[in-house]
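Visitor: I have a model open and some time to go through it. Can we take it piece by piece?
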Amino acid sequence: MAEQGSSIDYDFQAHERPLFEAWKEAGYFQRTPGTPEQKDHPYTIVIPPPNITGVLHMGHALNDTIQDACIRRARMQGRPTRWVLGTDHAGIATQTKVDKKLADQGISRLDIGREAFVEACYEWYREYGATIVNQISGMGCSCDYANEHFTLEPAYVRAVRQLFTDWYHNDLVYRGKRIVNWCPHCTTAIADDEAEYVDEAGHLWHLRYPLTEPVDGLEYLVVATTRPETMLGDTGVAVNPKDERFAHLVGKTVRLPLVDREIPIFADWHVDTEFGTGCVKVTPSHDPNDWAMGEAAGLPRINIFDETAHVVEGFGRFSGMDRDEAREAVVAAFDELGLLEKVEEHAHSVMTCYRCHTKLEPWESEQWFVRVDGLKADAARVVEDGSIRFHPARWKQVYLDWLGNLKDWCISRQLWWGHRIPMYYCDSCGWEDASVEDVEVCPACGGSVRQDNDVLDTWFSSQMWPYATMGWAEEGNDAPEIRACYPTQVLSTARDIMGLWVARMVMSSMYCTGQIPFEHVIIHPTVMGADGKPMSKSRGNGVDPLVLMENYGADGMRFGLLLQVTGAQDLRFDENKLVSSRNFANKIRNAARFVSMNLEGYTPGEPVAATPADRWIFSRVAGLVKAVDEAFDAFEFGEVTRLLYGFFWNEFCDWYIEFSKARLSGSPEDRLACQRNLMFVLDQSLRLLHPIMPFVTEEIYQELPFERDSQLLIGAAWPKAEALAKYADAQAERAIQMVCDVVSAIRSTRSRYGISPKEPLAVVVKAGADDAELLQAQRALIEGMANTASLSIAPDADKPAQASVALVPGLEVYVQLTGLVDFDAERARLRKEQAKLAKDAEKFRKKLSNPGFLAKAAQEIVEKDTAKLAELEEALAKVEAQLAELG
């Protein structure tokens, strides 16, 4: 098998796709019966359904790798597994895409009508819906491709209608006029937790409102506002009840400029006495706080904007203006009238649409809401009592805080694409009701009926994903999948949809099934650019996972991503980790190639720990399986990769294979024992690596004559820690670890002083009595791997003159350098290097202690210079240690 360093000389796709098809054809991606011991312990994951407008991005790549690692391990453990696959119709996102497509053709949805537009959206789904699913399969993800779901498939539609109807009849859904977050571009309501906050350098305008009649010589009040255009809809001015400056004005009125409306001055606790002037203009139809104050004071509500945020008729010259135009015109009019007192700079946050990023408008409209107080208690209880556990655990409190602050959820959207609200109205007699089935004739008067025009929020349908994909719509809790496999075991998702989706799945599942939807919630880190900022095209710091898979293979990308996972909230993407992972895949292939080239005369058989090196590696395998299980069970995926990498590269390849070379050239009996042991360790390693690196491990598994419990590695048994515990051998581990430490110390000395590997060295090792005895028994290994001229091991050993010193745990290793090193020349060289390093380090030290530099330099420059200083100081310390060693 050719060595590969890049995609130029190795076609990953050509190797990976046939293996994926073999897994698929063998039926491993569908729910399998499981082993007799595990058949009653199903393991199910539901994929966060990607939008049909999407393509694979780094968040998907990380999350799908996590899910596939979990499901592959569970499958190998013999559990009946299924990874539920599907896509989301993504109401606003898809409608926006199709709107743009039609606009490119010179038409709009209004031209073709609702029915034709919905069909155009379905055409979009048929054309693009499979894109991301195909990309997920390219990663090797073992989803149930034979039973793919879509949030607008017929059964799913019925499930959604059932839930809405049930909630309506149980007074958990209601219609009412409220202030909502309105997107003038998408022309739909947006839920509170779908809004994105953006910092804006704005202004604070101080406007004079004349009193209807002067009070104690005061002719006007000054209100401060960030939105002067909304004054057209003001119906009051509020002050704080404790603010003595304005107590005598409560009950008086002002004459609202420009519209000549008389409005009251009233007291309300919402008013912050420290903000602006302490007087607040109140526009109930365009601000949530103003709505609340207006309700309490009985103020009228005046909606000054239409659905596109243009001023409605009735406001003279301002009518027809958009928000920005109206702002300029209102401020100019106040200035002309001498009523603009001053303008201040004022930074504040504004809400924007999470899809189109247009500024949202707080806007009064009639919408449908979910009464969340009837659902929150159960959703909080199952997290508080540990029925659902978060990983990392800190997200538990974030979830509970979000629930505690949750307000009634606006679920209606003014779109055409999505689940149309199943409410029916008779205009003849006033009958109305929710219904799972279509209603065409009024049951009260026999007249014609109409269905509500709005659709449901996308999150309303996606909250049902775990159980609606398991037959709940058809058979409720009696559906076979729900009876046998619900709740699911793991949900892996991003933190930004923990409230939007995770909490709502818990609420709806508790209501519909009486059960939690999942036992564990993994909140994976957000993948950031190498610069530490969110990935985006505009910043130019985005990375395409499809390109990464071309360059590093799916295995290299998967392992490299998980290698970067820690407990941190953000993952700063480092492509070098993928380089390391591709090299690791090469190392696995090379190790397998070494074993396969040394299998002449091999016959399968039980591994036998005949030597201390055998006992060491078997003990290390036993410890590895236990540690990997613990890391998997704690969802510490970075730790899993680090454990596997360290064992396979350092212990198996660098040491055990080296220990084995002499035995493979020995007697037939010893050769066969060594072959079996190599095959055993390689087999166990491939099984442990398979969930994260499925392709390279399966490829090797097919090429070597392992004793098979499955034709394909995907179905092979996961190593059992309890079965391997018999190999635990602390004494062997200590003995061989000391061998490795001593050999490494000798090799390091050779490298440091440029001594040829062919030059035999005199070595003295000082060790405690017990360690010395263990090392004496392994001296042949040290002599063979370190090329020693002599080797002395003793508890009372002294350092020879002109010898290097290496301190390793519990040992001191002295290497005689007499005649091998020109000490004077070496000292001169080291002093010269010491001076240069010290000078360079001091330059960076001064730079980093300069307040001016720290204040002006970009963070990445400071971080780079700090890392360089640390590198120089480490190098300097090594040089100084060598000088001390030479005396």
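Guide: Let's start with Q802, which counts as partly exposed because its relative accessibility is 39%. Keep in mind that this is a predicted model.

Visitor: Where is Q802?

Guide: Q802 is in the loop between β27 (788-794) and β28 (803-808).

Visitor: And what about the phi of Q802?

Guide: Phi of Q802 is near 50°, a positive value, and Q802 is a residue other than glycine. H357 also has a positive phi, about 65°, although H357 is not a glycine.

Visitor: Where do I look for H357?

Guide: Look in the loop between β13 (340-352) and β14 (361-370).

Visitor: Is H357 buried or exposed?

Guide: H357 counts as exposed, because its relative accessibility is 51% and the cut-off for exposed is over 50%.

Visitor: What joins Y486 and P487?

Guide: A cis peptide bond, with omega of about 5°. P487 lies in the loop between α15 (480-485) and β22.

Visitor: How do the residues of the lining of the second largest pocket divide?

Guide: Into 14 nonpolar, 10 polar and 10 charged residues.

Visitor: Back to α2. How many of its residues are buried?

Guide: 19 of the 19 residues of α2 are buried, so α2 is largely enclosed by the rest of the structure.

Visitor: What should α2 span, and how far apart are its end C-alpha atoms?

Guide: At 1.5 Å a residue, the 19 residues of α2 should span 27 Å. The end C-alpha atoms are 27 Å apart, which agrees. The expected span uses one less than the number of residues.

Visitor: What follows α2?

Guide: G78 follows α2, and the phi of G78 is positive, near 90°.

Visitor: Which residues lie nearest the centre of the largest cavity?

Guide: Y10, F12, E16, D555 and R589, out of 14 residues that line the largest cavity. At least two lining residues each come from α1 (12-25), α17 (545-562), α18 (575-597) and α22 (694-703). The largest share is that of α17, with four residues.

Visitor: What classes of residue are in that lining?

Guide: The lining of the largest cavity has six nonpolar, four polar and four charged residues.

Visitor: Which residues line the second largest cavity?

Guide: The lining includes H89, G91, I92, E194, Y354 and R413, and also L415, W417, V455, L456, D457 and T458. At least two residues each are supplied by α3 (91-104) and β21 (455-456). By class, the lining of the second largest cavity divides into six nonpolar, three polar and three charged residues.

Visitor: One last residue. Where is T225 found?

Guide: T225 is found in strand β8 (residues 218-225).

Visitor: Why does T225 count as buried?

Guide: T225 has a relative accessible area of 8%, and buried means under 20%.

Visitor: What does the side chain of T225 reach?

Guide: The T225 side chain reaches the backbone nitrogen of R227 at 2.9 Å.

Visitor: Which residues is T225 in contact with, leaving aside neighbours within four places in sequence?

Guide: With those neighbours left aside, T225 is in contact with H203, L204, W205, L207 and K281.

Methods
Residues are numbered from 1 along each chain as its sequence is written. This is a predicted model: local features need pLDDT of at least 70, side-chain atom pairs count only at pLDDT 80 or more; totals for chains, interfaces and linings use all residues. Side-chain values use heavy atoms; hydrogens and water are left out. Ala, Val, Leu, Ile, Met, Phe, Trp, Tyr, Cys and Pro count as nonpolar, Asp, Glu, Lys and Arg as charged, and the others, Gly among them, as polar. Buried means under 20% relative accessible area, exposed over 50%, partly exposed in between (1.4 Å probe, protein chains only). A polar contact is a pair of N or O atoms within 3.5 Å; within protein, one must be able to donate a hydrogen and the other to accept it, and residues adjacent in sequence count only if both atoms are side-chain atoms. Contact means heavy atoms within 4.5 Å. On a 1 Å grid over the protein atoms alone, a cavity is a set of points where a 1.4 Å probe fits but cannot get out, and a pocket is an open set with protein on both sides within 12 Å along at least five of seven lines; lining residues have an atom within 4 Å of a point.
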